[in-house]
Amino acid sequence: EQTAYETADGVVAVSGAMKEDVQDLYDVGDADTQVIHNGIDVDQYRPRPDRSTLEEYGVDPDRPFVLFVGRITRQKGILHLVEAIHHFDDDVQVVLCAGAPDTDKIGAEMERRVETARAETDNRIVWLAEMLPREDVITMYTHASVFVCPSVYEPFGIINLEAMACETPVVASAVGGIPEIVVPDETGLLVDVDPTDGETVEPADPAGFAKRLADGVNVLMGDPYRRAAMSKAARTRVEEQFSWQAIAEQTLDFYKTLLD
């Protein structure tokens, strides 16, 4: 990695946070590094309502739900989200599209925490441990009232773009590149993580982080008019700033600058 960075004529960082990491860790100058965000296919990721898909996976299409999509790993913060369910309003349905645990240990911990949340709360929890086809995931995004990204480390956070492109507001951790995607009070809400400054990326106060996640979810779930405004703004932001057309133009401009 060091050889690649130090011999490259230019470096593309997917976020401002990643640019800072690269420059802190390697001998890379500011002029040689350009922030160009990841993009998504806005024609593919768009609202696709289909009640039958929800019913197929055991999701109640008549009840609003909060959605998570991602791997079961420490950096994705899924365990903190499960803890947050204890603080959700009582009638919130939770859909966890969460599979591929990093280790058997974290997989077992996930099972324990989900079962505890089911026993101790009145919230309906649907855990889909298998990897869903992309079209079905897009349908989940479309029907979700709120998408939650509880990551404790995230260089960019493209998952938030996918949800926003499907007109779903986001409650996300204010880490890494996520604040460059989610505009607070416009396309969603950001939640402070307060990570430790040691060798772990875990929050210094896990219970506090879980409570802040829940507070953000409860605020949006309780205000359908606010969610509706955010959903339209979210789609517009993705189309204008994160479509592959926009990203390709930025990349081409960077190559031209290097050649000149």
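## Strand pairing and the model

Two strands count as paired if DSSP finds at least two bridges between them. Helices (H or I, at least four residues) and strands (E, at least two) are DSSP runs, numbered from the N terminus. Val 66 stands opposite Val 146 in β6. Strand β3 (residues 65–71) pairs with β6 (residues 146–149) in the parallel sense, over 2 bridges.

The model is predicted: local features need pLDDT of at least 70, side-chain atom pairs count only at pLDDT 80 or more, and totals for chains, interfaces and linings use all residues. Residues are numbered from 1 along each chain as its sequence is written, and side-chain values use heavy atoms, with hydrogens and water left out.

## The sheet

An open sheet of 6 strands runs in the order β5-β4-β3-β6-β7-β8, with parallel pairing. Its edge strands, each pairing on one side only, are β5 (125–128) and β8 (188–191). On average, neighbouring strands of this sheet are turned by 20 degrees against each other, direction ignored. Axes here are lines fitted to C-alpha atoms, for helices over the stretch in contact, and angles run from 0 to 180 degrees between N-to-C directions.

Strands β6 and β7 run parallel and are joined by 3 bridges. Phe 147 stands opposite Val 170 in β7. From β7, Val 170 and Ala 172 point one way and Val 171 and Ser 173 the other, and all are buried. Buried means under 20% relative accessible area, exposed over 50%, and partly exposed in between (1.4 Å probe, protein chains only).

Contact means heavy atoms within 4.5 Å. Helix α8 (residues 206–221) lies across β3, β6, β7 (170–173) and β8, and runs at about 165 degrees to β8.

Asn 218 is found in α8. Asn 218 counts as buried because its relative accessibility is 15%. Apart from neighbours within four places in sequence, Asn 218 is in contact with His 87, Phe 88 and Asp 89.

## Helix α9

Helix α9 (residues 224–241) has 18 residues and reaches 25 Å from its first C-alpha to its last, close to the 26 Å expected at 1.5 Å a residue. The expected span is 1.5 Å times one less than the number of residues. Buried in α9 are Arg 227, Met 230, Ser 231, Ala 234, Arg 235 and Val 238. Seen down the axis of α9, these buried residues fall within an arc of 135 degrees, so they line one face of the helix. The arc is that of the directions from the helix axis to the C-beta atoms.

The buried residues of α9 pack against β6, α7 (158–165), β8 and α8. On the other side of α9, Tyr 225, Ala 229, Lys 232 and Glu 240 are exposed.

## Helix α2

In helix α2 (residues 16–25), the residues Met 18, Lys 19 and Val 22 are buried. They cover an arc of only 105 degrees around the axis, which puts them on the same side of α2. An α-helix has 3.6 residues a turn, so residues three or four places apart point the same way.

The cover over the buried residues of α2 includes α1 (2–7), β1 (11–13) and β2 (33–35). Exposed Glu 20 and Asp 24 sit on the face of α2 turned away from its buried side.

Asp 136 is found in helix α6 (residues 134–143). At 16% relative accessibility, Asp 136 is classed as buried. Leaving aside neighbours within four places in sequence, Asp 136 is in contact with Thr 53 and Tyr 57.

The structure holds 3 aromatic pairs. One of them joins Tyr 141 and Phe 147 edge-to-face, 5.6 Å centre to centre and with 70 degrees between the planes. Rings of Phe, Tyr and Trp (its six-membered ring) pair if their centres lie within 6.5 Å; planes under 30 degrees apart count as stacked, over 60 as edge-to-face and the rest as tilted. Both Tyr 141 and Phe 147 are buried.

## Two positive phi values

Most residues other than glycine have a negative phi. Ala 100, in the loop between β4 and α5, has a positive phi near 50 degrees. Ala 100 is partly exposed, at 42% relative accessibility.

Asp 185 is not a glycine either, and has a positive phi of about 65 degrees. Asp 185 is found in the loop between β7 and β8, and is exposed, with a relative accessible area of 54%.
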